[in-house]
Structure formats: C-alpha cells, structure tokens
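Dear colleague,

I am passing on the structure we spoke about, with my notes on it below. Please read them with the coordinates open beside you.

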Amino acid sequence: MQAEAALSSHTSVRKVIPIIPYSVKGRYRNVKSIILNIAFAIYFFLPWMPWENDSGAGQAILLDIQHSRFYIFNLVLFPQDLMVLLGILVFAAILLFVSAAMFGRIFCGFFCFQTLWTDAFRFIEKWIQGEAQAQKRLRNAPWSAKKIALIASTHALWLLLSFATALTFTLYFADAGKLLGDIFAGQAAIAAYITISVLTSTTYVAAGFAREDICFVACPYGKFQGVMQDPSTVTVIYDRARGEGVKGRQAPTAQLKTPQSRQEQEFGDCIDCNYCVNVCPTGVDIRKGFQIGCISCGLCVDACNNIMDSVKLPRGLIRFDRDENIKETDQGMKRWSRIKRGGYMSMLAASAIFTWHLASSLEPYTAIVEQGRQPLVTQLSDGSLRNRYQVRITNKTGERETYHIQTSGLPEGSFRGWQRIVVPAGKSYTSDFSVSLAGPMAARTNRFSLTITPEKQPGAAKTQEMSFFAK
Ligand code: SF4
Ligand code: SF4
C-alpha cells in the first residue's frame, strides 16, 4: 500500500517502494499542468528567441562564457557587473525562504525543476502504459512482446525528452542555430558533448527513477524547510476534527449514506477511501499530520474534494490552510510568527531595492586609459617631448556607440590620435594616442584632463586626470 511509503514525522527511515500515483482532476492539478506547460515553453523556446539589437548576439539570452559576456535581452553583463547577478541570486534565495515560511513547500510542489520534469515523465508513462492500475498490472505481468514494446517505448521517449533537455541547455551558451548544426555534424567543442551526455543521463535517472526520492534524500531545501514552518504557515492540512468525528473514519454503508446520518452517529467525514494517499506522488498519508515528504502539490486536496462532491459533503476536508486556524495556538507563538514574517518581507524588500539599484546604475561603458611606460618619454627630432597612452573602451549597451575624446590643459595640436571612436554593441576597442609638447611647455605640464563622452548618453561622460612626464 502506498501509504507505507510515506515518511512519518516520527521516523527518518523511508521504505523505497516504487510509487505509481493515481490520476486526479481538479484545480491544483490544472494549475500544475499550466505551470508545467509555461515552464517547458519558456525553457525550450528561449534559446531560439531572436533578439535584434547591435550586440550581435542575435538571441534574447546568450551566456557567452568564452568571451565573459551575458546577453540578456538588451542588457549586456560583463565580469565587473557580476554584483547584479549576485543580487538576483540573493533575492531568489530570500524569496525561497519567504515562500517556505509563508506557504511551506509550495515551490517544491509547483515550480521545482525536479517536480516539473518528473511530472512530464509521468505524463509520458501514463500516455503509453495507461492509468496507475494498468501500469501496476503491466509491471506484474510476465514478459511478453507487448510488455517489452510498452516499456521500451516509455524509456525511449524519456531518453528523448532527457536529450532535448540537455541539448537545449547547451544552446543557452552559444549561437543556438550554429551550435545545433555543429553538434549534429560532430564539429562542436568536446565540452558540449560532455555536457549533453551528463545532463541526458542525470535527467533520465532523476525524473525517470529517483523521482521524489530526490526530494527526500538529496534536496537541501526540503531539509531546512521544516524548520522554517510554524502554525501560521499555509500548508496542506487534513481537518482531523472534522474527518475523524468522535468515532473515527467510516466507509459509507447503507446506514451512513447521508451527511445527517454520519453526524447523528458521530462518524467523521473521512470515508477512508484512501484516494488522497493513492494520488500522492510521494506516498504520504496526509491524515497522519505534517510530514517532511509532503511537497505541497495539492493533489490530495483535489482528490478529497472530488470524493466529498461524490458523497455530498462539503469540500475542504483536506485543504491549504494554517495550523493556527485548526488548532488552538498560543498568542505568543502567533506574535512571533507575525514578527518573523515582517522580518522576511523586509529582507526581501531590501534585497529587491539593492538589486534594482545595482541594475539601474550599471555603467553603459567602461574606459581604461593607461600610459605607455617603455619608454616613458621620447624626445622627437624637433626637440619636443612625447608621452604615449592607450585607451580601451568597452561598449556595454545593446547598440553601437560613438565616443568622443577631448583633452583640457594642453595646447592645441599636442594631441595625436583618434578623437572619435565607434564601438559596436558589447565589444571593446583599443586606441593609441600620444601627447607631444615643446620643451618649455613640457617642463610646465605634469597633468592634463581627458574626457570621454558617449554620443547617445552625454550625461555618462567620464573625466580622468592624466600625467605627463618630461623626464
Ligand atoms: S480522500 Fe478524503 S475521504 Fe478519502 S481517505 Fe482521503 S481524507 Fe478520507
Ligand atoms: S500529501 Fe498531498 S500535498 Fe503533500 S505531496 Fe502528497 S498529494 Fe501532494
């Protein structure tokens, strides 16, 4: 029985029994399917999404590790902008903490990659082998041509989806069309083949075999989630008082057909049909109370609501609710929960503001000016002294930009070099220039200013103090 596979809150040992959950229809199943479709559409489509700007990336998302550049729509991130990525990661981590404290394992049940891919694998399994009962019969049946064909085609489609997942992952790191052609022509980098092989096999094993064991054994989030939960956390709850009544659960017999007769005979509303356990992907019996194996997927809520409809009892025997709404909770504990939630929300707001500030104050370009050291000073045939410099401008915008270079504190004609530099989007350009001064002027000049002004964003002009050496 699947309930045996549930991890009781009183034990850390879980019996590993292959779980074949029953299908269920309902609100949460629909929400999960919608999220699955949206997530797959985004994941598989994004590398192919064309994005026209001057950066030359050609695709909306390109994580160009080779050239240390991330192209995200019109944003081009360079290594010096990694604080923005760090800010986004910190925000995501705090969001996960907040969601754990307020809504339990809702992320696990609806959004986690492991849950989404396992769900997709289960859809394939059901499509080929039929409902849970048919799958169980097939497993127990002796080997035959039909059994081999059904199991082989299930595994073939699993492998195909795993391969598509791995292949798509690599396309985020290069020109998708070119890399795809290179991969099938055998001309891609060895790293691409290794990545595809490793990801194909891990996806196949994780979603096809390990499934929710990953949630129990490997997932660190699942481990600390229980610590963050308190009576004000919204989780999947079985209304024990209503379900058990005075005399406990009871299947609907001839004498217990109406809600009134159940109430009069003091039986609870749970008809002990076990449907909530049979649909559970982790094999949890939620009627035993909160368990670490529950990923808050809501499928048992759908199952029980369907049963309640069929026996004409009110829905919500199993529901998303707060423990404090069901059991009497200490006022001190409620106050502490409110303080905790306020703290989490403040941290979330602070990290969002910080990340927004970092992203909005990204510089549209970088300019590094270095003085030539060997030799520091050159004496020309007319007796004037020359210092050499090199300017490197990196255009961090998604558009071609023209940069104007001006000096102040130098006599006219002493600057030799390009004063107008055009840099394509996302590219760097290096230009040499020199300053030559006649002897007496050179002796009087040891500093001058260099200003670089981007044509489209003159407000982002940068001025740098430069040195001039006469000896
Ligand atoms: S689905 Fe509802 S009625 Fe059936 S066993 Fe579960 S809690 Fe009881
Ligand atoms: S107990 Fe219910 S909510 Fe929890 S994992 Fe099982 S089906 Fe999902």
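Four strands make up an open sheet in the order β11-β9-β13-β14, and their pairing is antiparallel; strands here are DSSP runs of E of at least two residues, helices are runs of H or I of at least four, both numbered from the N terminus, and two strands pair if DSSP finds at least two bridges between them. Because β11 (420–423) and β14 (462–467) stand at the edges with a single partner strand each, one side of each is left without a neighbour in the sheet. Strand β9 (residues 401–408) is joined to β11 by four bridges, and Thr402 stands opposite Val422 in β11.

This is a predicted model, in which local features need pLDDT of at least 70 and side-chain atom pairs count only at pLDDT 80 or more, while totals for chains, interfaces and linings use all residues. Residues are numbered from 1 along each chain as its sequence is written, and chains are lettered from A and ligands numbered from 1 in the order in which they are written.

Turning to the helices, α4 (residues 113–129) and α8 (residues 190–210) pack at an angle of about 75°, with their axes 8 Å apart (axes are lines fitted to C-alpha atoms over the stretch in contact, and angles run from 0 to 180 degrees between N-to-C directions). That makes α4 roughly perpendicular to α8, a term that covers 65 to 115 degrees. The contact (C-beta atoms, placed from the backbone, within 7 Å) involves Gln114, Trp117, Thr118 and Phe121 of α4 together with Thr203, Ala206, Ala207 and Gly208 of α8.

Best wishes

Definitions and conventions
Angles under 35 degrees count as roughly parallel, over 145 as roughly antiparallel, 65 to 115 as roughly perpendicular and the rest as oblique. Two residues are in contact if their C-beta atoms, placed from the backbone, lie within 7 Å.
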